[in-house]
Amino acid sequence: MNQAIRCDMPLQVSVLTAEPSGSAQEWLTQLVWRFQTGSSQLPRYMGLDADQFQQLLITCNVPSVVMGLLQQQRQQLLAELLAMREPECQELEQWLSAYLLPDAAPMARIIAVASMGYNHLWQDLGLDSRQSLRELMQCCFPELAALNTQNMRWKKFFYRQLCATGGNYVCRSPSCDECVERDGCFAPEE
Ligand code: SF4
């Protein structure tokens, strides 16, 4: 059983100072730590159900955290907002899952949940930069990352792909080159 810690406690330096270089498990652990310490903007349980989240804490060897009241309220609000977009989130999760490496579950759900957020995807995940998100995508969704040859913003890229495969989201233009939204879909996004 994981021991509870408070979110103002210092964390293991080895986990937080360096971006993980390699495995999907390291990326999952990184995201869980960032959620537990309030760096990310994700709903309660990272958008997973309670059992899945507990299992993730165990798998990643991350202790439970006693959240502050404000953080709890923020996560509750984000959970309510997510519930309103759950079908869209599940569609994105299902699509992402097709590209996810087998040992990276439940990364597809976490990325889909974060994509329902209101900031840049890397910010809602609590990552340090867009480059970190690219590294995560290359590690956990290598085929998908290879398709983003024009360095599109990731949320836009997901929906562009969904649009192309006949999903619910429909781009306003058949071609990015002619689209009035182009500046909003491509890098930079600092
Ligand atoms: S630039 Fe236009 S067509 Fe291309 S992904 Fe963005 S909205 Fe869709």
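Colleague: Where in the chain does G22 lie, and what makes G22 partly exposed?
Modeller: The place of G22 is the loop between α1 (13–16) and α2. Its relative accessible area is 30%. Buried means under 20% relative accessible area, exposed means over 50%, and partly exposed covers the range in between, with a 1.4 Å probe and protein chains only. G22, at 30%, is therefore called partly exposed. The model is predicted: local features need pLDDT of at least 70, side-chain atom pairs count only at pLDDT 80 or more, and totals for chains, interfaces and linings use all residues. Residues are numbered from 1 along each chain as its sequence is written, and side-chain values use heavy atoms, with hydrogens and water left out.

Colleague: Which residues is G22 in contact with, leaving aside its neighbours within four places in sequence?
Modeller: Contact means heavy atoms within 4.5 Å. By that criterion, G22 is in contact with W27 and C139, once neighbours within four places in sequence are left aside. The C-alpha atoms of G22 and C140 are separated by 9.4 Å, although these residues are 118 apart along the chain.

Colleague: Why are α2 and α8 called oblique to each other?
Modeller: The axes of α2 and helix α8 (residues 130–140) come within 9 Å and cross at roughly 140 degrees. Axes are lines fitted to C-alpha atoms, for helices over the stretch in contact, and angles run from 0 to 180 degrees between N-to-C directions. Angles under 35 degrees count as roughly parallel, over 145 as roughly antiparallel, 65 to 115 as roughly perpendicular, and the rest as oblique. The pair α2 and α8 therefore belongs to the oblique class. The residues that make the contact are A24, W27 and L31 of α2, together with S132, E135, L136, C139 and C140 of α8. They divide into 6 nonpolar, 1 polar and 1 charged. In this scheme Ala, Val, Leu, Ile, Met, Phe, Trp, Tyr, Cys and Pro count as nonpolar, Asp, Glu, Lys and Arg as charged, and the others, Gly among them, as polar.

Colleague: Is the crossing of α2 and α8 left-handed or right-handed?
Modeller: The crossing of α2 and α8 is left-handed. The crossing of α5 and α6 is right-handed.

Colleague: What makes α5 and α6 oblique to each other?
Modeller: Helix α5 (residues 86–97) and helix α6 (residues 107–115) pack at about 140 degrees, with their axes 8 Å apart. This pair is therefore oblique. On the α5 side, E86, C89, Q90, L92, E93, L96 and S97 take part, and they meet A108, R109, I111, A112, V113 and S115 in α6. By class, the contact has 7 nonpolar, 3 polar and 3 charged residues.

Colleague: How do you know that α6 is mostly covered?
Modeller: Of its 9 residues, 9 are buried. The buried residues of α6 include M107, R109, I110 and A114. For the protein, buried residues make up 46% of the 190 residues.

Colleague: Why are α5 and α10 called roughly perpendicular?
Modeller: α5 and helix α10 (residues 154–164) pack at an angle of about 85 degrees, with their axes 11 Å apart. The two helices are therefore roughly perpendicular to each other. E88, E91, L92, W95 and L96 of α5 make the contact with F158, Y159, Q161 and L162 of α10. This set of residues divides into 6 nonpolar, 1 polar and 2 charged.

Colleague: What is the form of the peptide bond from A105 to P106?
Modeller: That bond is cis, with omega near 5 degrees. P106 is found in the loop between α5 and α6. Most residues other than glycine have a negative phi, and most peptide bonds are trans.

How values were computed:
Helices (H or I, at least four residues) and strands (E, at least two) are DSSP runs, numbered from the N terminus. A crossing is left-handed if the near helix is turned anticlockwise from the far one by less than a right angle, and right-handed if clockwise.
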